[in-house]
Amino acid sequence: YDKLPSSNVNPFVNDSWKINEIDRVRIAINSVTLFPARALGCLVTFMFGGLIAQIAVKGLPFYADLKSFEDLYQYMSERGENVPTNAEEKKKAAYVYVAERVN
């Protein structure tokens, strides 16, 4: 037992975070120089994500303009798609049309 550390150590006190003035200056300079680089990195990441999202939905209609299935059927017929006349077949064709372009 004589090789164990003494039991006078307080586990709630952190003595390892004692920094001198040089370390404080270094931390201040690094924080000022690294923040813009990180902010720029976040901005580039978000813009790249937006670009990927736009590429992913390219060719799909802008759904704010399609307020009903009838608008989607009209859009499909304008693009040369075969739109059936039966209501159930129309709905199925609309789902297939969207699913083919999303996947």
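**Figure 1. Overall fold.** Along the sequence, the protein chain of this predicted model runs α-α-α. Residues are numbered from 1 along each chain as its sequence is written, and side-chain values use heavy atoms, with hydrogens and water left out. Because the model is predicted, local features need pLDDT of at least 70 and side-chain atom pairs count only at pLDDT 80 or more, while totals for chains, interfaces and linings use all residues. The mean pLDDT (the predictor's confidence in each residue, from 0 to 100) is 80 for the protein chain, and 83% of the residues score at least 70. Confidence is lowest in α2, at a mean of 78, and highest in α1, at 91. Of the 103 residues, 10% count as buried; buried means under 20% relative accessible area, exposed over 50%, and partly exposed in between (1.4 Å probe, protein chains only).

**Figure 2. The largest nonpolar core.** L72, Y73, M76, A93, A94 and Y97 make up this core of six residues. A nonpolar core is a set of buried Ala, Val, Leu, Ile, Met, Phe, Trp, Tyr and Cys residues joined through side-chain atoms within 4.5 Å. Helices α2 (69-78) and α3 (87-102) each give two or more residues to it. Leaving aside residues up to four places away in sequence, M76 touches E81, V83, A93, A94 and Y97 (contact: heavy atoms within 4.5 Å).

**Figure 3. A nonpolar surface patch.** The patch consists of L40, L43, V44 and M47, which together have about 410 Å² of accessible area (Shrake-Rupley method, 1.4 Å probe; for residues, only the protein chains shown count as cover). Patch residues have over 30% relative accessible area and no salt bridge, and nonpolar side chains (Val, Leu, Ile, Met, Phe, Trp, Tyr) are joined within 5 Å. M47 is found in helix α1 (residues 21-56) and counts as exposed because its relative accessibility is 57%.

Figure 4. A salt bridge is a side-chain nitrogen of Lys or Arg within 4 Å of a carboxyl oxygen of Asp or Glu; the count comes to two. E21 and R24 pair at 3.9 Å, N to O, and both lie in helix α1, three residues apart. E21 is exposed at 53% relative accessibility, whereas R24 is partly exposed at 45%. R26 and D23 pair at 2.3 Å, N to O, and are likewise three residues apart in α1, about one turn of the helix. D23 is partly exposed, with a relative accessible area of 22%.

Note on methods
Helix = DSSP H or I, 4+ residues; strand = E, 2+ residues; numbered from the N terminus. Patch = residues over 30% accessible without salt bridge, like charges linked within 9 Å, V, L, I, M, F, W, Y side chains within 5 Å.
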